[in-house]
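Welcome! Please take a moment to look over the sequence and the 3D structure below, and keep both at hand as you read.

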Amino acid sequence: MNLIKILAVESSCDDTSVAIVENGRKVQGCETFSQVEKHKIFGGVVPEIASRNHIESIANLVKILLNKSKIKFNELDGLAVTYGPGLVGSLLVGVNFVKGLSIATGLPIVPVHHVKAHVAALYLTYPELEPPFLCLVVSGGHTYILEVLGYADVKIISRTRDDSVGEAFDKIGRKLGLDHPGGVHLDKLAENGNPGRVKLPIPLKFENTYDFSFSGLKTAMINIINNLNQKQEMINTEDMAASFRRHVVEYLISNFVQFAEKNNYKKLAIAGGVSANLLLRRELEKICLNKNWQLFKPILEFCGDNAVMVASQAFYEYQKNNFASLDLNAISSESL
Ligand code: KG4
Ligand code: ZN
């Protein structure tokens with residue numbers, strides 16, 4: 001069989017990333033420019049700054065990628081790009097850049113959905129992994145339980161009704177005075193804290209669905225922090241981080257495991273930026289070991305946004321002849 005090489009571009013938020021992957025699983029190269037330092041002083045991602053940084057870095061990253069991997073355009077089979085969901089100004093940079101490349105090279109464009117790309121990060125970590133499996137996708141923009149029925153076929157079981165889990169982590173991280181992105185730093189800090197120190201309400205459970213809601217838990221935590229500040233009482237940040245993290249992780253796992261049990265899934269996976277969370281990984285490992293279920297977790301490098309996962313998903317879309325024309329547009333919120 002002919003090997004399919006795809007060059008992919010990811011620019012949905014604040015990481016500019018380009019990669020070449022062969023047959024969806026063999027990485028030929030990846031170059032990423034993280035904008036974290038550019039947004040740190042604002043305490044979060046500033047959309048216009050993100051777009052401008054994508055524009056400045058994207059062409060050079062592709063040049064470096066081709067040089068390092070010693071691959072020429074005429075050796076590629078396709079170009080892939082994340083078209084949504086994400087920050088529209090950021091997405092537009094990647095989409096238009098890839099259109100230009102397509103006109104210049106004649107290569108077809110494969111449009112990739114960002115959430116499906118996060119799931120594909122698992123195929124890069126586990127070459128033997130095949131659908132079907134149940135996947136918890138947790139990131140800065142998304143919180144889903146998905147049935148991954150085929151490589152290009154996913155079904156939403158549940159979603160968040162308000163904030164994503166990443167947003168909740170980032171907001172509490174910021175409130176605790178941590179650097180952007182708060183979720184990453186909160187996780188590290190929580191490792192040394194007492195998770196039983198702060199009492200938080202049990203998050204909302206909806207009847208007959210496995211949907212999530214994080215806004216109540218987030219507001220309760222903010223109120224606790226404000227009250228403590230007003231009374232000038234001290235609780236160390238490690239304990240606050242650990243308490244909040246424990247509540248969030250228990251909530252995620254409870255819905256995920258309940259659905260798996262009820263529907264006889266024994267093959268579970270996590271993906272997305274928040275799947276790097278140390279407690280989430282540890283607790284799910286324990287549960288799956290106990291129940292004799294399989295658990296698939298992306299290597300840490302592939303949890304957050306990257307173009308390797310986009311190129312991997314693109315291989316499966318390519319096989320289904322899922323190509324875009326030159327009028328492809330960026331979509332900020334696209335359902336699966
Ligand atoms: O997947 P991602 O890079 O971008 C989106 O698609 O949104 O996810 C970024 C999110 C941020 O909210 C970040 O704080 C969170 O993932 N995150 C974490 C951890 N690492 C990244 N949250 C909790 N614990 C972590 N270890
Ligand atoms: Zn993402």
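What follows is a walk through this structure, from its domains to some of its individual residues.

A word on conventions: this is a predicted model, in which local features need pLDDT of at least 70 and side-chain atom pairs count only at pLDDT 80 or more, while totals for chains, interfaces and linings use all residues. Residues are numbered from 1 along each chain as its sequence is written, chains are lettered from A and ligands numbered from 1 in the order in which they are written, and side-chain values use heavy atoms, with hydrogens and water left out.

Let us begin with the overall layout. The protein is divided into domain 1 (5-121 + 303-319) and domain 2 (132-300); these bounds come from an automatic or database domain assignment. Taken over C-alpha atoms, the centres of domain 1 and domain 2 are 27 Å apart. Where the two meet, 21 residues of domain 1 are in contact with 24 residues of domain 2, contact meaning heavy atoms within 4.5 Å. Between them, domain 1 and domain 2 bury about 1,600 Å², with 70% of it on carbon and sulfur atoms. Buried area here is the accessible area (1.4 Å probe) that two parts lose on being put together, summed over both. On the domain 1 side, Val 115, Val 119 and Cys 303 lose the most area to domain 2, and together they make up 37% of what that side buries.

Next, find Ala 8 in strand E1 (residues 5-10). Helices (H or I, at least four residues) and strands (E, at least two) are DSSP runs, numbered from the N terminus. Is Ala 8 buried or exposed? With 0% relative accessibility, Ala 8 counts as buried; buried means under 20% relative accessible area, exposed over 50%, and partly exposed in between (1.4 Å probe, protein chains only). Leaving aside residues up to four places away in sequence, Ala 8 touches Ser 17, Val 18, Ala 19, Ala 80, Ala 307, Val 310 and Ala 311. Ala 8 and Ala 324 are 316 residues apart along the chain, and 14 Å separate their C-alpha atoms.

Now for the aromatic rings. The structure holds 13 aromatic pairs. Rings of Phe, Tyr and Trp (its six-membered ring) pair if their centres lie within 6.5 Å; planes under 30 degrees apart count as stacked, over 60 as edge-to-face and the rest as tilted. Take Tyr 123 and Phe 133: their ring centres are 6.2 Å apart and their planes lie at 75°, so this pair is edge-to-face. Tyr 123 belongs to helix H4 (residues 114-125) and Phe 133 to strand E6 (residues 133-138), 10 residues apart. Both Tyr 123 and Phe 133 are buried.

Tyr 123 has another edge-to-face partner in Tyr 316, at 5.6 Å centre to centre with 70° between the planes. Because Tyr 123 lies in helix H4 and Tyr 316 in helix H10 (residues 307-319), this pair ties together parts that are 193 residues apart in sequence. Tyr 123 has a relative accessible area of 0%, and Tyr 316, with 6%, is buried as well. Tyr 123, Phe 133, Tyr 151, Phe 315 and Tyr 316 form one aromatic cluster.

Which of its residues are buried? They are Gly 182, Gly 183, Leu 186, Asp 187 and Ala 190. These residues cover an arc of only 130° around the axis, which puts them on the same side of H6; the arc is that of the directions from the helix axis to the C-beta atoms. An α-helix has 3.6 residues a turn, so residues three or four places apart point the same way. The buried residues of H6 pack against helix H5 (165-175), helix H8 (237-262) and helix H9 (278-291).

Finally, look at some details of the backbone. A cis peptide bond joins His 180 and Pro 181, with omega about -5°, and Pro 181 sits in the loop between H5 and H6. The bond from Gly 84 to Pro 85 is also cis, with omega near -10°; Pro 85 is in the loop between strand E4 (78-84) and helix H3 (88-105). Asn 292 has a positive phi of about 65° although it is not a glycine, and at 69% relative accessibility Asn 292 counts as exposed.
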